[in-house]
Amino acid sequence: MSATAPYRSGARAGRGGFARLLRAEWTKFRTVRGWVLAMVAAALVTVLLGLLSSSGSHSSCDGVCPAVPVGPDGEAVEDKFYFAHRPLAGDGSITVRVTSMTGQIRLPDLNPGTRRVVAGVVPWAKAGIMVKESMKQGSAYAAVMVTGRHGVRMQHNFIHDTAGRPGGVSKQSPRWLRLTRSGEELTGYESADGANWTEVGTAHLAGLPAAVQVGLFAASPGGLTVTQGDFGGSSAASRFAEATAVFDKVSLRGSVGGGAWRPDDVGVTLNPDGSAHHPGGFKESGGTYSVTGVGDIAPLSDGQQIENTLTGVLTGLIVVIVVAVMFITAEYRSGLIRTTLLAGPRRGRTLVAKALAIGTVTFIAGLAAATAAVTFGKQVLRANGNHILPVTTLTELRVIVGTAVLLAAAAVLALAVGALFRRSVAAVITAIVVTVVPYILATASVLPADAARWLLRLTPAAGFAIQQSIPEYAHVLGDYAPSAGYYPLAPWAGLAVLCGYAALVLGLAVFQLRRRDA
Amino acid sequence: MRRHLHAEWTKLRTVAGTGWLLLGLVTLTVAGSVVAAAAVSCTSAGCDYDPAKISLFGVQVGQTMAAILAVLAVSGEYGTGMIRTTLAAMPRRAAVLAAKAAVVTGLTLGAGTVAVFASALVGRRILLGNGFTRGPGTPILSLAEGPMLRAAFGSVLYLALIALLSLGIAAAVRDSATAIGVVLGLLYILSILPFMIADPGWQKLLWQISPMNAGLAIQATTKLSGLPISPWAGLGVLTVWAAAALLGGGLLLQRRDA
């Protein structure tokens, strides 16, 4: 009797096995000419549509637009306010009492051409005391202020905002404000009676020179009107508003330059004849000061965002979805799937290898397309005289790489849907309806902004949030609607929603692939 | 031609997906409209939305089902090889395509009528419940009034035209996944393109030639003068698209081997 040893496969198991699976999937993709061409077309269409939309955007100013000031943190800012100031050398402090804040707001015209102006202040109208590096627009500052409807605040360097006591000011309940400077540290205080002081916040202004400007300021951003577009989307218009604050009991400590207060209408817009458009003002009588200002001290959101060059991604995404779905459904159609599963009997790993292959290919194509679209799109936008809102290199990198990840995750999602349905049409439609359609409905339809925000929270289209380069600021009133490019979720959170969906559906597909006959 | 119609009707009737797609068309349309109507609320400044567009909003979602139905009627046969039997049995290829078009149109018109009128009725109730008015003291249009009736009937026609457009594209492209990708790209991407371009002249032109934007102009009942294209002219643009697709698809069907 001779015992025969049972047959053992000579193939190595383990990691080498997965690499082989991956290589097999890559070979399948590479050798179908239509798929390779389609992936190249997806990248090209992304770039070309991006360039087309960039070349269609022209600046609205005649000739060259004026340079936009840039804040200490590198973002474009609006730095426009009325400032009555004196030089301060070294440490010191300023204390004032604010007894009133009034203003006027222009309402939308009822009859064209007839101005409708009412008394009142907009929520973020602001007036108070400020220490500013220099009179240059965009230079560092820290300020303590009363606002139209957001109580006392301490703000510095345009994007930082700390809340103090809520409530407005009046003769009966004035607000005392104090700002002390010690080196690069600025501390803001407030008080209801001038005796008991509460700290509002501190600001560290790196590189603040010894000689700074200290004084009283007032500013009022325009009233915002958001109108629903007649054929979808929305548009925001800013209307003139100004704020006037009355200060008394002004006291300065430290080596403050002598002489009178120097009034400055910082950043005022000039009419063609050289006179100021909506000028501010400063009045002084017997220790009482009245400052009127127009404008805002805040990050700017008007201008082209770098993600505007990526509008072609949506079209590229449709092509990617079709290819990713066919990458699996074609195997079912031709019966190749049976060979595939015979060669890789651990079905889960086989499908994961497939997902990894299509995801990687899409990521590379997407990265090339997004890089080209942003790089060339910015040049086209600049050549057309547009102002592009500056962002840090890291943000730009996040937008570009994030777009590639977005495409790759959508490809994996589409592949997983294809594996679940095993039919091309149902899978393509499902993938498009859950990723592309919610985005379009949210950004370019008559759907109200709240409904649009929910679409961009709950559906895989949330992933588009990774493209938002300019954040939403709580202390600036703006049209933060999806149609204006603002997403309800933070960039990475939005991308995580999409990746979560892709992982979930891939898991479901693996589960079903194991259970079903092929 | 009667035999052609009968054959196509039998094929479409006995395919498992058809019933589900028609059901999906009705469900998605009504659901989309209900969600949109429920999401709209009026501000103190007034109601800025077109009530007809909102209560028929679901058409933008439901149209995908009409597109699938039409694409599958053609590319499904290419997928299985059935098309060779079909063409052997009915050698007049133009007549085959016409018969397919007639059957798909009929089904879409039927399901579309149910979907659109249900949406309009339910949507109006919800909007009224939200306190939606056309202006101080003016209630929103009921289905019996001219513009609203035009919007509703136009939406049914819109769905049918979308189906015909998809049918033509499927006949030209043949592969189902590619066909549906092309159709949805044509509908959704062209509809969003005007929002990506700042130039007003281009914007208007792109809006006018986009099959979805122009076609859905039929749903407008307010601010008609501000529309880039009038309602019926808009539906005309979509008709031109559908006719061009059918013509192109028909020519390719006749020229090529199956």
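Reader: In which helix of chain B is Gly185(B) found?

Author: This is a predicted model, in which local features need pLDDT of at least 70 and side-chain atom pairs count only at pLDDT 80 or more, while totals for chains, interfaces and linings use all residues. Residues are numbered from 1 along each chain as its sequence is written, while chains are lettered from A and ligands numbered from 1 in the order in which they are written. Helices (H or I, at least four residues) and strands (E, at least two) are DSSP runs numbered from the N terminus, and on that basis Gly185(B) is found in helix H8 of chain B.

Reader: Does Gly185(B) count as buried, exposed or partly exposed, and why?

Author: A residue is buried if 20 or more other C-beta atoms, placed from the backbone, lie within 10 Å of its own, exposed if 12 or fewer do, and partly exposed in between. Gly185(B) has 19 C-beta neighbours inside 10 Å, and therefore counts as partly exposed.

Reader: Leaving aside its neighbours within four places in sequence, which residues is Gly185(B) in contact with?

Author: Contact is judged from C-beta atoms placed from the backbone, which must lie within 7 Å of each other. Once the neighbours within four places in sequence are left aside, the residues in contact with Gly185(B) are Thr315(A) and Ile318(A).

Reader: Which helix gives the most to the side of chain B that touches chain A?

Author: Across the interface, 38 residues of chain B are in contact with 36 residues of chain A. Helices H2 (16-39), H3 (51-55), H4 (59-80), H8 (176-196) and H9 (200-209) of chain B each supply at least two residues of the side that touches chain A. With 13 residues, the helix that gives the most to that side is H8(B).

Reader: How many residues of the side of chain B that touches chain A are charged?

Author: In this classification Ala, Val, Leu, Ile, Met, Phe, Trp, Tyr, Cys and Pro count as nonpolar, Asp, Glu, Lys and Arg as charged, and the others, Gly among them, as polar. The residues on the side of chain B that touches chain A comprise 23 nonpolar and 10 polar ones, and the number that are charged is 5.

Reader: Which residue of chain B is Val325(A) in contact with, leaving aside its neighbours within four places in sequence?

Author: Val325(A) is one of the residues with the most contacts inside the largest nonpolar core. With neighbours within four places in sequence left aside, its contacts include Leu415(A), Gly418(A) and Ala431(A) and, from chain B, Ala177(B).

How values were computed. Two residues are in contact if their C-beta atoms, placed from the backbone, lie within 7 Å. A nonpolar core is a set of buried Ala, Val, Leu, Ile, Met, Phe, Trp, Tyr and Cys residues joined through C-beta atoms within 7 Å.
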